[in-house]
Amino acid sequence: MEEYKVTVATGTSEYSGTNNYIYVTLVGENGQSERTILDNPGLDFCRGAVDEYKVCSPAPLGPLLLVRLEKQRYWVEDNWFCRYVTVEPPGGGIALTFPCYRWLIGDVKVEIREGTVTEIRMHTRVPIPIAPEREPSSYSYVCLSRWTAWASGIPKCIDAKTEADLHQDVRFDSEKRSDFEGSLHYYCMEHWKEDWFFGYQCLNGSNPRMIQRCKELPGNFPVSGDMVQGSLAPRTTLDKELKAGNIYLIDYAIMDGVPTNVIRGKPQYIAAPLCLLYEHPDQGLIPIAIQLGQTPGLDTPIFLPNDPPLAWLLAKIWVRHSEFQVFQLLSHLLRTHLLVEVFCVATLRQLPAVHPVYKLLAPHLRYTLEINCRGRTQLVSADGIFKRVVSTGGEGLLVLSQREYKVLTYRSLQPCWDFQQRGATTLKDYFYREHSLMLWDAIHSFVSGMISVYYQCDSDVVEDPELQTWIKDIAEEGFVDVPTFGLSNELKNKAELVTLLSVAIFTSTAQHAATNNGQFDWCAWVPNTPCTMRHPTPTDKDAVTMEMIMDSLPDVSQTCLEMAITWHLGRPQPDAVPLGQYPEQYFTEPQAQEVIDRFRKELKDIEEHILSQNQGLELPYLFLLPSRIENSITI
């Protein structure tokens with residue numbers, strides 16, 4: 001009789017343990033072991049436990065292919081989260097690790113493979129087990145493999161009406177679910193009226209991707225040199241500064257004509273501003289002209305810093321109001337949450353758990369499906385929070401998202417190309433640019449190292465059928481009806497694969513942190529970034545009063561809701577896993593572990609650089625500290 005030593009590790013989160021029956025069968029090239037119940041004296045499979053057992057086989061099994069786990073109900077149903085299984089062969093030797101990291105729900109069998117990836121093209125897919133006698137559980141597994149269109153003109157998403165339809169593997173752990181359902185903003189309150197602070201937020205606020213170099217003034221923004229001369233440095237002109245590359249533009253044309261919300265029977269208002277900014281040699285980036293509509297005219301004046309102070313202040317408030325709509329719905333929701341969901345669904349549909357790309361992406365897709373389902377039902381639904389408090393709530397947010405999706409490009413998701421395209425490579429104190437480029441390089445190097453462990457040459461990528469089916473699903477199903485996106489439906493070499501995976505990981509980590517983590521800081525003082533406006537844009541500079549400003553800003557209930565939701569979404573999460581930390585050890589090979597260790601070392605160097613850079617700064621930029629970036633989109 002051959003005796004194998006089997007170790008089984010239970011999850012560490014709340015309710016991971018089980019009192020149900022657990023059986024194991026070892027399957028090798030020469031046969032399989034006895035079906036063995038795992039039962040030691042005392043309690044087995046407690047939360048965080050690592051239990052050891054003996055499993056016997058009448059003959060040597062040869063090289064092990066997989067471990068079959070079975071869970072059967074004992075009195076009541078009790079789900080179980082298995083982290084991994086290790087198997088030590090008879091007579092000692094090297095123990096093999098079989099990563100699991102999934103929930104076993106109902107009376108179910110799960111077959112898990114050994115963690116080492118050898119020849120990718122030799123792997124066959126292990127199907128997700130379905131328990132047909134338990135319809136709710138069965139439906140949850142099936143919905144993982146289906147696309148649906150939540151609304152036309154935006155990326156497809158998971159087919160789940162609410163988060164309850166998701167399988168437990170992609171749902172929040174109990175601690176996070178309880179927390180979900182259950183600083184800098186003071187600085188903002190002191191300085192929000194100041195022009196330099198307005199300019200700083202264009203660079204390092206929650207929407208730092210809009211600013212672009214202005215080589216010539218748009219035809220619909222008739223700013224003259226005389227208008228802005230007083231805002232320029234001595235002995236220069238607007239024409240000279242345009243040629244020198246010191247004039248920048250933020251254009252909210254995408255907001256023009258978007259349907260507006262009606263809240264408690266009262267119409268809300270939006271604007272589509274153009275804002276001209278100047279990189280002053282002494283004052284930094286400052287706004288020098290604002291037009292609150294796309295069509296110039298008597299009723300659309302150009303506001304200037306030397307206008308009556310309240311008129312200039314209200315013009316800046318209107319720009320910041322447009323900023324709220326764009327950063328929440330486009331920079332945040334569309335360009336991080338919905339984009340990464342495409343990778344989530346395609347990965348679950350097309351890649352088996354033993355595939356190296358599945359293992360690489362899985363930690364960076366954690367919780368994203370559930371938070372997106374909650375967002376669709378609680379935030380941006382027909383009766384959600386945005387409908388109650390945001391000027392584009394309801395139809396407007398969909399129209400805005402559809403417009404952005406039509407012009408979304410794959411290249412714009414790569415920060416090096418994005419900054420070049422916007423002409424924003426030389427702006428001073430653009431900490432978002434500097435830090436995101438460092439993080440992109442670190443992530444790209446990490447991905448390149450991991451891919452090189454498993455793909456030796458370009459032909460390995462081309463000849464991996466699962467990988468090619470995966471990219472086809474992403475390009476043709478996930479990013480449907482977006483002709484300008486520019487992502488091929490096939491991967492031709494390692495470089496293309498590395499770039500694509502880097503985009504997915506960068507977007508789910510650094511880019512999401514840049515747009516999400518500071519939103520309470522910028523929005524808690526609501527006049528700085530109002531979620532809605534209750535009066536139309538001003539047409540007469542001299543008629544602006546403090547009463548007009550107060551009547552335009554959100555009312556008390558809207559203000560409270562804006563503060564509450566931005567605090568809830570922007571605060572540190574209770575079970576956050578920082579970038580580069582992998583508590584679930586999907587990779588067991590020493591070469592892969594070495595690449596992970598180098599990645600962590602590079603992130604530590606970036607952390608030290610950012611902390612050193614921020615020492616003594618009046619307004620530190622710490623949103624892209626690696627220790628403050630989550631490994632995935634969880635909120």
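**Charges over rings**

I began with F303 and found that the charged end of K541 sits over its ring, 5.9 Å from the centre. I keep in mind throughout that this is a predicted model. I then looked up Y23, where R35 lies over the face of the ring, at 3.8 Å from the ring centre.

**Aromatic pairs**

Next I looked up the aromatic pairs, and the count came to 26. One of them is formed by F45 and Y53, which are stacked, with 5.9 Å from centre to centre and 25 degrees between the planes. I checked their accessibility as well and noted that both F45 and Y53 are buried.

W192 counts as buried because its relative accessibility is 13%, whereas W525, with a relative accessible area of 28%, is partly exposed.

I also noted one aromatic cluster, which is formed by Y187, W196, F197, Y200, F431, W522, Y621 and F623.

**R209**

Last, I asked myself where R209 is placed. I found R209 in the loop between α4 (195-204) and β12 (212-213). Is R209 buried or exposed? Its relative accessible area is 15%, so I recorded R209 as buried. Leaving aside residues up to four places away in sequence, R209 touches V326, L330, S331, R335, E404 and R422.

Methods
Residues numbered from 1 in each chain as written. Predicted model: local features only at pLDDT ≥ 70, side-chain atom pairs only at ≥ 80, totals over all residues. Heavy atoms only, no water. Helix = DSSP H or I, 4+ residues; strand = E, 2+ residues; numbered from the N terminus. Buried < 20%, exposed > 50% of the residue type's maximum accessible area, 1.4 Å probe, protein only. Contact = heavy atoms within 4.5 Å. Phe/Tyr/Trp six-rings, centres within 6.5 Å; stacked < 30°, edge-to-face > 60°. Lys NZ or Arg CZ within 6 Å of the ring centre and 35° of its normal.
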